Amino acid sequence: MAVCVEEQRLCLPAAGCPGPSGGPAAACGMTRLLGGTLERVCKAVLLLCLLHFLVAVILYFDVYAQHLAFFSRFSARGPARALHPAASSSTNCSRPNTTAPSSGLPEAPSARPGPTAPALPPCPDSPPGLVGRLLIEFTSPMPLERVQRENPGVLLGGRYVPPDCTPAQTVAVIIPFRHREHHLRYWLHYLHPILRRQRLRYGVYVINQHGEDTFNRAKLLNVGFLEALKEDATYDCFIFSDVDLVPMDDRNLYRCGDQPRHFAIAMDKFGFRLPYAGYFGGVSGLSKAQFLRINGFPNEYWGWGGEDDDIFNRISLTGMKISRPDIRIGRYRMIKHDRDKHNEPNPQRFTKIQNTKLTMKRDGIGSVRYQVLEVSRQPLFTNITVDIGRPPSWPPRG
């Protein structure tokens, strides 16, 4: 082997190194070449090791950050709500009565308990997707299958929950009914999109009077109040609507407030005017507390007329006042029809209205008697057929 001194350019022979006869310059050059190559290889290996170490550190911190974000989401999640539709359902508010395709069905429960759904923000007081004035017409055919296709987010029984916010109230819409299937299809066609755009959590209940005895609208509304609460005790707002009345403006919000609400204040039937100051017919709304405060509605108004004036008296006698929307917003179209059979004007209605103060404590939600014959949950509403009896052959005392 040779020992090379770089500064003096000398190659000194050592033990085992060839002497001058072996070419000292050639041996020294070969040694320098091998040493330089080995040094470069070592540096390359060192750089590769350093690069591998840096990649490993980066991957470690990335995975750690992902795990930290994953577990932090569980602490921010609130309890899941019952009766929540699939999150993929959405509402297209560009047209008054159309929606984007959606399954409309709640997600199937998983085999093992999973994380709860994230808490949704409160629904806005002024929903952003409202259209305003609507074109309402009753000339086009309206099969129930079409109405069902238009409202994929409505669950069985006519229940709906907004997928993107939490409403402040749970609303039961009560419809007194008999032999009005044609009107009901139009009502469902227009009202479901309106109620959904209003971001309501609601259910629709059609209270069908069995038989052909004299019709009793107010008693059916009492039945609807009780039966809706049997299905869902969280209902705290009740909208009572005739099946032949459709709002012409979706800014007429079907909600309950501090005072009982009268919605249908300007019907085309009355020239879009309030017929008289005490009118409370057509469509009205009361909170659960307000309804119980007036002992519900009267049960003794058989036939047409008078019950809405009795309800107005009950509200006034309990110290409450009627709330109404702006007359430009509270406009309604009525489906034209002949007067129903067995719903003739009640000849006793004027006498009964004068005696509301005497009768309201004994005649109301606490005294209603009926028998449920059938409960049928349809795709767009819940039908409850009831036997409410028949009118007495003589007027009751009081």
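These questions and answers walk through a predicted model of one chain. Residues are numbered from 1 along each chain as its sequence is written. Local features need pLDDT of at least 70 and side-chain atom pairs 80 or more, while totals for chains, interfaces and linings use all residues; side-chain values use heavy atoms, without hydrogens or water.

User: How many helices and strands are there in the chain?
Analyst: Both are DSSP runs, numbered from the N terminus: helices are H or I with at least four residues, strands are E with at least two. The chain holds 8 helices and 13 strands.

User: What share of the residues in the chain is buried?
Analyst: Buried means under 20% relative accessible area, exposed means over 50%, and partly exposed lies in between (1.4 Å probe, protein chains only). Of the 398 residues, the buried share is 43%.

User: Which strands are the edge strands of the open sheet of 3 strands?
Analyst: Two strands pair if DSSP finds at least two bridges between them. The sheet has the order β7-β11-β9, with mixed pairing. Each edge strand pairs on one side only; these are β7 (245-247) and β9 (266-267).

User: Which residue in β11 is the bridge partner of alanine 266?
Analyst: Strand β11 covers residues 331-334 and pairs with β9 in the parallel sense over 2 bridges. In β11, the partner of alanine 266 is arginine 331.

User: Which ring has the charged end of arginine 331 over it?
Analyst: A charge sits over a ring if NZ of Lys or CZ of Arg is within 6 Å of the ring centre and within 35 degrees of the ring normal. For arginine 331, the distance to the centre is 3.8 Å. The ring belongs to phenylalanine 272.

User: Why is the pair of phenylalanine 240 and phenylalanine 291 stacked?
Analyst: Rings of Phe, Tyr and Trp (its six-membered ring) pair if their centres lie within 6.5 Å; planes under 30 degrees apart count as stacked, over 60 as edge-to-face and the rest as tilted. A search of the whole structure finds 13 aromatic pairs. Here the centres are 5.6 Å apart, and the pair is stacked because the planes are at 25°.

User: Phenylalanine 240: buried or exposed?
Analyst: Phenylalanine 240 has a relative accessible area of 0%. By its own value, phenylalanine 240 is buried.

User: What is the angle between the planes of phenylalanine 270 and tyrosine 279?
Analyst: Phenylalanine 270 is partly exposed at 31%, whereas tyrosine 279 is buried at 9%. Their centres lie 5.8 Å apart. The pair is edge-to-face, with an angle of 80°.
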